[in-house]
Amino acid sequence: MSRIVLFGTGAYYRKFKAMCSAEDKVVGLIDNNAALWGQCMDGVVVNAPDKLCEMSYDYIILLSAKAYEMKEQLSEMNIPDSQMLYMEEYRSLRTEDKVTVFPASFSAHEEKTGKGNILFVSTDLDYNGGTIAVFYAAMALQSRGYRVTLAAPAGNSRFVREVNEKGITVCLSPLLPLVSRAFCDWMSPFDMVFVNVFQMLVTACEISLLKPTVWWIHECSHKYDGHYERTRRIYKEYDDVSKMEKLHVVAVSEIAKNNFNYFYPGRIAECLAYGIPDERGTDVPVVSAKNKVVLAVIGAMSVRKNQKILLRALERLPDEVARQVEIRFIGDSNTQYGMEVRAEAKGISQIKFLGVMNRQEVAQQFRDIDVLICSSLEETMSITVTEGMMFGKICLVSKNTGMAEYITEGKNGYVFDPEDEQELADRISDIVSKCDEWEAIEKRARETYEADFSMEVFGKRLEELLGKVGI
């Protein structure tokens with residue numbers, strides 16, 4: 001048994017509790033937030049980091065998106081490196097080196113096939129954009145006759161079950177992103193490996209020494225996303241382009257490509273946009289009869305998602321337009337930013353907060369939405385906007401999202417500057433006043449989905465990519 005102190009009491013702390021070994025005892029909590037000092041969490045009092053000198057422990061577990069800064073802070077307090085563990089390092093110490101297989105609910109292919117055997121590797125499987133994109137990639141190749149398997153360090157049980165129900169086997173190897181001996185032995189039958197997202201830097205580099213490997217990059221810039229900084233500082237020895245020589249690196253969009261090339265100039269020359277299944281034909285009833293033009297923003301509220309601009313734009317709309325619109329926020333609004341939005345929107349009748357919805361509920365909302373808005377300050381792509389086009393909706397998109405690359409102004413959608421509330425107000429007014437043009441724009445939005453984001457087109461792109469790496 002080890003005595004451990006946990007540094008950080010936020011989201012990473014909540015995630016860590018699920019993986020904490022019963023063999024270890026939490027003997028202390030520390031946090032830099034003075035407002036938490038003296039509070040009791042899960043039976044343990046939160047203290048300031050300088051109280052470590054009064055504690056007896058074996059390890060300090062660093063629980064933050066900026067855990068490397070915690071490590072630097074503790075190093076200045078003369079805490080030895082050997083006593084500080086990142087969450088991934090703790091998991092590797094406390095987890096048996098094995099691969100757990102969750103077999104598909106049915107066999108999608110005959111045992112004998114002329115197509116390849118493809119392994120997809122990603123971060124923890126859950127309902128987020130990057131994971132959903134790689135799941136769809138596996139489905140797209142499966143539909144073209146390839147045998148596919150999806151591997152990750154851990155997985156949401158509901159998500160794993162959904163993958164299995166599509167005929168795809170899931171394998172969980174908790175030591176990932178480190179590539180263990182057991183994982184190397186297990187993956188020997190695969191012809192090629194497709195590694196997802198920058199956080200899997202170590203996995204991509206190590207597997208590329210053993211198998212033809214594609215690395216698919218999705219991340220936002222360091223201005224809005226800490227994945228680059230965190231991953232590069234935790235795995236310093238892999239932050240070297242020479243370790244990427246055998247990798248075929250692609251990005252989901254030009255924005256994602258430029259973000260990666262900022263750190264590794266010229267390393268990515270090719271983009272690979274995703275595809276999504278066609279759900280428009282699903283028999284989902286319209287939510288309700290309405291007499292408003294429904295504008296919707298879908299996604300958890302955050303500074304990067306920039307939902308506040310909708311409040312500013314609403315104030316700038318002409319009265320006759322403002323009376324015609326209803327703005328629906330769909331997603332988690334219980335974040336700090338979300339609570340600020342709710343406070344500012346209090347008493348504004350045109351604004352509705354619908355909270356978190358499952359995929360079926362969101363699909364039902366799409367039947368009632370007239371205009372889908374993506375207000376992000378940066379978004380390398382946006383599955384939500386792609387879904388909007390799939391449903392044949394008018395999409396009003398930030399120019400700082402990868403989806404803007406596919407929009408011709410006024411033809412299949414609209415683009416605006418996410419820092420210009422007047423421009424957004426003008427776009428909304430223009431759309432509302434030209435309802436007679438909606439049908440043509442909606443039709444072309446749907447055509448954009450079919451031409452660029454259907455699963456058939458995605459599968460063709462993936463198969464072409466496999467040819468480039470020798471499969």
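**View 1. Ala-256 sits in helix H9.** This predicted model places Ala-256 in a helix that runs over residues 254-263. With a relative accessibility of 0%, Ala-256 counts as buried. For a sense of scale, look for Val-469: it is 213 residues from Ala-256 along the chain, and their C-alpha atoms are separated by 21 Å.

**View 2. Leu-465 is part of helix H17.** That helix covers residues 455-468. Leu-465 is another buried residue, because its relative accessibility is 2% and the cut-off for buried is under 20%. Once residues up to four places away in sequence are left out, Leu-465 touches Phe-194, Val-214, His-248, Val-250, Glu-270 and Leu-272. To find Ser-75 from here, go 390 residues in sequence, or 45 Å in space from C-alpha to C-alpha.

**View 3. Tyr-274 belongs to the largest nonpolar core.** This core has 113 residues. Those with the most contacts inside the core are Tyr-274, Phe-120, Phe-194, Trp-215, Trp-216, Phe-260 and Phe-458. Helix H4, residues 129-142, gives the most to this core, with 10 residues. Zoom in on Tyr-274 and, not counting residues up to four places away in sequence, its contacts include Ala-133, Trp-216, Val-252, Met-381, Phe-453 and Phe-458. Ser-382, Thr-386, Asp-452 and Arg-461 are also among the residues that Tyr-274 touches. As a bit of background, nonpolar side chains in soluble globular proteins tend to be buried together.

**View 4. Leu-176 and Pro-177 are joined by a cis peptide bond.** The omega angle here is about 15 degrees. To find the spot, look in the loop between strand S10 (169-172) and helix H6 (181-186), where Pro-177 lies.

**View 5. Asn-78 has a positive phi although it is not a glycine.** Its phi is about 65 degrees. Asn-78 is in the loop that connects helix H2 (67-75) and strand S6 (84-86). Is this residue buried or exposed? Asn-78 counts as exposed, because its relative accessibility is 70%.

**View 6. Val-197 also has a positive phi without being a glycine.** For Val-197 the angle is about 70 degrees. Its loop lies between strand S11 (192-196) and helix H7 (201-207). Val-197 is buried, with a relative accessible area of 5%.

**View 7. Stepping back, the protein chain has 17 helices and 19 strands.** The radius of gyration is 24 Å, close to the 23 Å from the globule rule for 471 residues, so the chain is as compact as a globular protein of that length. Along its principal axes, the C-alpha trace spans about 70 × 60 × 40 Å. Of the 471 residues, 53% count as buried. Take the contacts between residues at least 6 apart in sequence: 68% of them join residues at least 24 apart.

Note on methods: Residues are numbered from 1 along each chain as its sequence is written. This is a predicted model: local features need pLDDT of at least 70, side-chain atom pairs count only at pLDDT 80 or more; totals for chains, interfaces and linings use all residues. Side-chain values use heavy atoms; hydrogens and water are left out. A nonpolar core is a set of buried Ala, Val, Leu, Ile, Met, Phe, Trp, Tyr and Cys residues joined through side-chain atoms within 4.5 Å. Buried means under 20% relative accessible area, exposed over 50%, partly exposed in between (1.4 Å probe, protein chains only). Helices (H or I, at least four residues) and strands (E, at least two) are DSSP runs, numbered from the N terminus. Contact means heavy atoms within 4.5 Å. The radius of gyration is taken over C-alpha atoms; the globule rule is 2.2 Å times the number of residues to the power 0.38.
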